[in-house]
Structure formats: structure tokens, C-alpha cells
Amino acid sequence: MIEPGTPIRIATWNIHRAVGGDGLVDHQRVISVLREISADVTALQEVAYRSADKDDVLSRYAAALEAEAIEGITLLDERGHYGNAILTRLPVQRLRRHDISISGREPRGAIDLCLAGNSRDFRLVATHLGLRPGERRQQVLQLNRLFNSRSPGVDILVGDLNEWLPGSRTLRALRRVFGPAPAPATFPARRPMVALDRILVRPAMALGILRVHRSPLARMASDHLPLVAEISL
């Protein structure tokens, strides 16, 4: 249990099916990076796993971190289940899953949690938006509706937003809810140039440190670097 007054560490990372910069699938490498970060809550995108498999990838991640795994499966292809996931060391008070898919495009979803923090509960929504601008705009409108009513607590939106234009309509819509937010570059991992991954916090004063995890192992483990934040409740 986290001591009162201690910041909550939140991370988001697109792990690219655990395919690293060397083209190899290496789940142990992903686990090692997750251990380096040691977040209380980690949102993952592009997780490839099979729910019915005894050697389920997400279960391996959770066991290695002593965390609870929450699935956010968005599709099933020839390689198995695929989608989002959350690993949390904090107690889950409420769980909802939202379908934010756009017709004719790859299915997309959002995991919506209420988590017990060190002094109060907070809400976290984790997602992975689509590849086309019009698709992302529609998905953000759906996500914004989740945050329509201003709560007295802390609201956090995390994930790979697939948006690289700072002045895009997608990001302008998110700023109406969360306000301006820092956005360090996370992609591509070996030489980050664009801020595809975001951690947005309301109220903004709850966001402390926001940093990109740039260890040598992280640069190799995926095509994205992890983004990490310290949140004060």
C-alpha cells in the first residue's frame, strides 16, 4: 500500500507485440523494462495474448510485477487476442470497458477504471486511438463525454493517441477537457521525434513529474518509449 502523500506513478507504453528494434519477440525484455519503471499503474497498447492460454502473456507480465492484469481485447486475428491492457498494483474499485470503434476501421477500445489511491480514489481511462485523423476526432468526442461531469477527484487519460500534429483538432478537443499539457516525444524509440503517447491529468496541478523512460533496454524493447508520470492525489 502506498503511504499517504506519496505520488502515484502512472505509465503508458505501446509495446508493439513485444517486437523490439532487432525484430525479435522478447517478452522478458518487456518485463525487464516494466520492472525498471516500477509503476503503480501501467497502461499497455498492442498487447498480443491469448486469454485461454496457460502461458498467457499478460498473466506473465502481471506475475512478474505482482500486479493485477486487466484485459482490453479489441480484436482476434490469426496470432490470437490483441489490444490494450492495464497492470495495476492499486485496488480496482470499478471497471468499465468502452467500444470506441469506427465503422470500417480497426476496432478500438478504452479501459475505464476507478482506482483506490493513497488518500482518495481516482479515475483512469486507457486507450489507443486510430490511424486516421477523422477516426481519432470521433473517438476523442466519445472519450470526452466520459469526462463531461467534473468530479472532485483526479481524472487521467493515458495511451497512444496516434496524434503527432500539436495543433490538430483531436488535441484541441482534448485540451477543452484537460487543458494544455506537456508532451515529450516517445516515437520512434531509438530517436524520438513525435509525441504519440500522452498522459493527461485533470486538474493539471495533480501532475508532477512527466518523463520519457529512455533506458538502453527500453530503446530496444519496442518502437515506442514508455511515458511515466508522478501524480499527486
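Buried means under 20% relative accessible area, exposed means over 50%, and partly exposed lies in between, with a 1.4 Å probe and protein chains only. By that rule, both Arg136 and Glu163 are buried. This is a predicted model, in which local features need pLDDT of at least 70 and side-chain atom pairs count only at pLDDT 80 or more, while totals for chains, interfaces and linings use all residues. Residues are numbered from 1 along each chain as its sequence is written, and side-chain values use heavy atoms, with hydrogens and water left out.

**The sheet**

- Strands (E, at least two residues) and helices (H or I, at least four residues) are DSSP runs, numbered from the N terminus; two strands pair if DSSP finds at least two bridges between them.
- Five strands form an open sheet in the order β5-β6-β7-β8-β9, and the pairing is mixed.
- The edges of this sheet are β5 and β9, each of which pairs on one side only.
- From one strand to the next, the twist averages 15 degrees; axes are lines fitted to C-alpha atoms, for helices over the stretch in contact, and angles run from 0 to 180 degrees between N-to-C directions.
- Strand β7 (residues 121–128) runs parallel to β8, and seven bridges join the two.
- Across these two strands, Val125 stands opposite Leu157 in β8, and Phe122 has Val154 in β8 as its bridge partner.
- β8 and β9 pair in the antiparallel sense over six bridges, with Leu157 opposite Leu200 in β9.
- β8 is largely enclosed by the rest of the structure, because seven of its seven residues are buried.
- Val154, Ile156, Val158 and Asp160 point one way from β8, whereas Asp155, Leu157 and Gly159 point the other way.

**Salt bridges**

- Side chains of opposite charge can pair when their charged atoms come close.
- A salt bridge is a side-chain nitrogen of Lys or Arg within 4 Å of a carboxyl oxygen of Asp or Glu, and the count by this rule comes to eight.
- One of them joins the side chains of Asp112 and Arg94 at 3.1 Å, N to O.
- This pair links distant parts of the chain, 18 residues apart: Asp112 lies in strand β6 (residues 109–116) and Arg94 in strand β5 (residues 92–99).
- Asp112 counts as buried at 0% relative accessibility, while Arg94, at 29%, counts as partly exposed.
- Arg105 forms a salt bridge with Glu135, and their closest N and O atoms are 3.1 Å apart.
- Here too distant parts of the chain are linked, 30 residues apart: Arg105 is in the loop between β5 and β6, and Glu135 is in helix α3 (residues 133–146).
- Arg105 is partly exposed, with a relative accessible area of 28%, whereas Glu135 is buried, with 5%.
- Arg136 and Glu163 also form a salt bridge, in which the closest N and O atoms are 2.9 Å apart.
- Arg136 belongs to helix α3 and Glu163 to the loop between β8 (154–160) and α4, 27 residues apart.

- On a 1 Å grid over the protein atoms alone, a cavity is a set of points where a 1.4 Å probe fits but cannot get out; a pocket is an open set with protein on both sides within 12 Å along at least five of seven lines; and lining residues have an atom within 4 Å of a point.
- Grid points are joined across faces, edges and corners, and a volume is the space filled by probe spheres set on the points.
- The whole structure holds two cavities of 30 Å³ or more.
- The largest cavity has a volume of about 60 Å³, and its lining includes Glu46, Tyr82, Arg108 and His128.
- Strand β4 (residues 80–88) gives the most to that lining, with three residues.
- The second largest cavity has a volume of about 40 Å³; among its lining residues are Leu34, Asp40, Leu65 and Arg89.
- The largest pocket contains about 170 Å³ of space.
- It is lined by 15 residues, of which Pro166, Leu171, Arg175, Ala183 and Arg198 are the closest to its centre.
- The largest share of the pocket lining, three residues, comes from α4.
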